[in-house]
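Welcome! Open your viewer, get ready to select residues by number, and let us take a short walk together.

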Amino acid sequence: MRDLLLDLHLTTRKQRGLEAALRDAIRSGRLSPGDALPSSRGLAADLGLARSTVVAAYDQLASEGYLITRQGASTRVAAGQWIPEPPAAGRSRRDYRIDLIPGEPDASQFPRAAWLRCTRDVLATAPADLFAYGDPSGLGDLRTELAAYLRRTRNLAVDAEAVIVVPGAASGLGQLARLLRASGTTSIAVEDPGFPFHHAILGREGLQLVPVPVDAEGIDTDRLAATAATAVLVTPAHQYPLGAVMSPERRARLASWARQRNAWIIEDDYDAEFRYDRHPIGALQGIAADRVVYLGTSSKTLGAGLRVAWLVLPPELRQAMAEQRGRDSDVSQLTQATLAHFIARGDLDRHIRRMRTLYRTRRNSLIAALRSALDHPDIHGISAGLHLTVTLPSKAHEEAIIQDSLDEHRLALWGLNQHYRTQPGAHGLVLGFSRAAADFDTSLTQLAQVLHAH
Ligand SMILES: Cc1ncc(COP(=O)(O)O)c(C=O)c1O
């Protein structure tokens, strides 16, 4: 058992104090991925706490994605997204290149000229109340444009009243989690593997996470039905991170599960605009608008710095959401008006078409680099989105490749295993091909060198 020095501020909320100290130890790098924590009994004795307090704190941090708990084995620190953030005294994050970390589009390609023209038009013509407080649900013009865009491109059953504008899918998910919690939902099923950042948001709002495996057709609906969850978070268009497209049969089963159980499906449609070798597939919301809450974002098409995303709510949740929303998650009206104009003029469609071509080329280069370095690489999820996944034979391979890329080339990579809530999960790399990178090709050569060496 390891000793653990925690910076504890135990007031009356002992569990909260312990959680904060553990989080701090992990974020600051004093506890590293893979480190075993003391047993709950041992730590409780050391700190003079009830064992149940330690167990509850460990569980909370596991649901936030910081720890991995396993029956009969030590609780360990999960490999997390904070890895590239080294301790303050060491190298700063800027010392690492994050060209192949998935998540963001190429910021250098932001359509500045078109956006400038739209901003000018809006400033020249908008009524004065654009610069006053607006409707907390979003600007009417943008909700109308988004509804039309989503009907046309994603086959949603939606009108403007169903759309709510939020500053990021993450914000929308947090608001939804709060709403579900307030209406009595205690647990939510999540895809395993899935997106740890979203799992952490749900955990922070007090929802118990129930991991459900995914396969080549998407989430396993039989396993889902065997849980007691009354909500589920899914990525049907392009499963994150493995890339499966949910099959029509699974979609139908998921919809009927939700109807039978009166459950909610949260559809995270984060990168569906980008598809390469297959026909577009409509959103799940289109076949179950009564049970699906749809989440879309501009973070992948335009840029995460814009902070504009949207929720599409089923009728039953609209009133409760309107009552819950304050002004703490408004999006700038000027930005909303500009985006509405940008969509109306066809600029968004044009930009996406242009980016699709660019990303297809980059994706092909990444696949070629993997094929040059590995014999018959096992690559998943290449037909859509901004990332792909390549599996590796073992944990040792994954860890060594990530470490060597950092040490030898300052190239940060994301491991696949950290996306699993249930261990042992698969091992590999989740590789983005959309970052702004003048040296994208250099990153690929370096990645291929490291892979080849292993
Ligand atoms: C799976 C997934 N969903 C959603 C998002 C979009 O997040 P946001 O709109 O909060 O920027 C991301 C961004 O990384 C993502 O990877």
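Start by selecting the ligand and the shell of residues around it: by class, that shell holds five nonpolar, five polar and three charged residues. Here Ala, Val, Leu, Ile, Met, Phe, Trp, Tyr, Cys and Pro count as nonpolar, Asp, Glu, Lys and Arg as charged, and the others, Gly among them, as polar. The model is a predicted one, where local features need pLDDT of at least 70 and side-chain atom pairs count only at pLDDT 80 or more, while totals for chains, interfaces and linings use all residues. Residues are numbered from 1 along each chain as its sequence is written, and side-chain values use heavy atoms, with hydrogens and water left out.

**Stop 1: the ligand**

Which of the 13 residues around the ligand come nearest? Select A169, D268, T297, S299 and R307. (A residue is near if one of its heavy atoms lies within 4 Å of the molecule.)

Now look for polar contacts, which are pairs of N or O atoms within 3.5 Å. (Within protein, one must be able to donate a hydrogen and the other to accept it, and residues adjacent in sequence count only if both atoms are side-chain atoms.)

- D268: a polar side-chain atom lies 2.6 Å from a nitrogen atom of the ligand.
- T297: a side-chain N or O atom is 2.7 Å from an oxygen atom of the ligand.
- K300: a side-chain N or O atom is 2.9 Å from an oxygen atom of the ligand.

On its own, the ligand has 400 Å² of accessible area, and the protein covers 90% of that. (Accessible areas come from the Shrake-Rupley method with a 1.4 Å probe; for residues, only the protein chains shown count as cover.)

**Stop 2: two crossing helices**

Next, select helix α6 (residues 169-182) and helix α10 (residues 315-324), whose axes come within 10 Å and cross at roughly 110 degrees. (Helices are DSSP runs of H or I with at least four residues, strands are runs of E with at least two, and both are numbered from the N terminus. Axes are lines fitted to C-alpha atoms, for helices over the stretch in contact, and angles run from 0 to 180 degrees between N-to-C directions.) So α6 and α10 are roughly perpendicular to each other, a label for angles of 65 to 115 degrees.

Show Q175, L176, R178 and L179 of α6 with L317, A320, M321 and Q324 of α10: these make the contact, meaning heavy atoms within 4.5 Å.

**Stop 3**

Most peptide bonds are trans. Select D192 and P193, though, and you find a cis peptide bond with omega of about 10 degrees. P193 sits in the loop between β4 (187-192) and α7 (196-204).

Finish at N262, in the loop between α9 and β8 (264-268). N262 is not a glycine, yet its phi is positive, about 55 degrees.

Methods. Angles under 35 degrees count as roughly parallel, over 145 as roughly antiparallel, 65 to 115 as roughly perpendicular and the rest as oblique.
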